Amino acid sequence: MSERELGDMVVRELVDAVVRSPNYDDRDQPVSMVVLHYTEMQPVEAALGKLTNPNSGVSAHYLIGERGVVTQLVPESKRAWHAGVSYWRGNKDVNSASIGIELDHPGHAGGYREFSEPQFEALVPLLARIVKEHDIPRVNVVGHSDVAPLRKTDPGELFPWDRLAEYGLCLPRPDKLEPGDPFPNEGAFILALGRFGYDITEGRKAIEAFERRWRPEKISGLYDQQLGAILWQLLLDRDRGDNR
């Protein structure tokens with residue numbers, strides 16, 4: 001590792017430890033996104049081992065334990081390998097454009113449950129610093145399922161997006177919806193999901209990802225008028241310049 005790279009691995013005030021992962025390379029784009037994940041592994045040491053194992057081919061910039069311990073794994077100036085095959089708002093190289101934050105959590109496969117309070121309290125200031133430093137728009141603070149709906153469900157329907165939105169760190173769920181049903185059928189809704197930024201290669205999976213983010217209380221993979229109203233309002237807000 002060069003002196004410059006070592007300089008990037010500074011233990012910031014909000015970072016408790018640095019454990020270098022070898023799984024990174026150079027970015028092709030400036031940072032414009034943050035992708036939130038869960039590890040679906042426990043204990044946290046198992047996730048840390050995988051994210052720093054040169055044979056695993058995966059990493060992230062940060063890992064936050066359930067007790068709120070923040071570990072930096074990859075310099076923010078480098079491309080960590082956290083998103084895999086992914087897409088968001090026309091960008092097919094999400095790794096190059098994003099900072100990846102892994103949350104220590106058992107995930108859907110290990111007994112899905114709410115995220116811990118110490119973990120959330122550690123995430124908020126870290127994310128706030130990242131968003132401010134890189135001038136990341138709220139619409140680009142997303143979950144892994146948003147950028148890889150065919151493969152991923154994390155961080156899932158119990159992640160407190162509404163609380164992050166209260167800090168201005170992601171888009172809030174629209175609370176004032178325009179009346180009426182703007183989409184004549186499911187196909188039109190799926191096309192609109194593509195306009196908003198989702199990969200719509202598999203429409204029902206894209207709907208599920210949208211539900212996990214915007215209507216987590218009901219996940220069906222099927223279009224209905226409530227989903228249509230939410231998406232329509234998000235598109236209206238974007239066109240008005242309110243989604244920054």
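## Two helices side by side

Let's start with a pair of helices: α7 (residues 186-196) and α9 (residues 225-239) have axes that come within 11 Å and cross at roughly 35°. This is a predicted model. The crossing of α7 past α9 is left-handed.

Who touches whom? On the α7 side you'll find Phe-189, Ala-192, Leu-193, Arg-195 and Phe-196, and they meet Leu-227, Gly-228, Leu-231, Leu-234, Leu-235 and Arg-238 of α9. Sorted by class, that contact has eight nonpolar, one polar and two charged residues.

## A buried histidine

Now have a look at His-144, which sits in helix α5 (residues 144-147). His-144 has a relative accessible area of 4%, so it counts as buried. Its side chain reaches the backbone oxygen of Ala-83 at 3.1 Å. Leaving aside neighbours within four places in sequence, the contacts of His-144 include Val-35, Leu-36, His-37, His-82 and Asp-154.

## Salt bridges

The structure holds 17 salt bridges. One of them joins the side chains of Glu-157 and Arg-212 (3.2 Å, N to O). Glu-157 lies in the loop between α5 and α6 and Arg-212 in helix α8 (residues 203-214), so this pair ties together parts 55 residues apart in sequence. Glu-157 is partly exposed at 22% relative accessible area, while Arg-212 is buried at 13%.

Arg-173 and Glu-217 make another salt bridge, with their closest N and O atoms 3.1 Å apart. Here the link runs from the loop between α6 and α7 to the loop between α8 and α9, 44 residues apart. Arg-173 is partly exposed at 35%, and Glu-217 is exposed at 53%. Elsewhere, Asp-25, Asp-28, Arg-79 and Asp-93 are linked in a salt-bridge network.

Key
Residues numbered from 1 in each chain as written. Predicted model: local features only at pLDDT ≥ 70, side-chain atom pairs only at ≥ 80, totals over all residues. Heavy atoms only, no water. Axes fitted to C-alpha atoms, helices over the stretch in contact; angles between N-to-C directions. Helix = DSSP H or I, 4+ residues; strand = E, 2+ residues; numbered from the N terminus. Left-handed = near helix turned anticlockwise from the far one by under 90°. Contact = heavy atoms within 4.5 Å. Nonpolar A, V, L, I, M, F, W, Y, C, P; charged D, E, K, R; others polar. Buried < 20%, exposed > 50% of the residue type's maximum accessible area, 1.4 Å probe, protein only. Polar contact = N/O pair within 3.5 Å; in protein donor to acceptor, adjacent residues only side chain to side chain. Salt bridge = Lys/Arg side-chain N within 4 Å of Asp/Glu carboxyl O.
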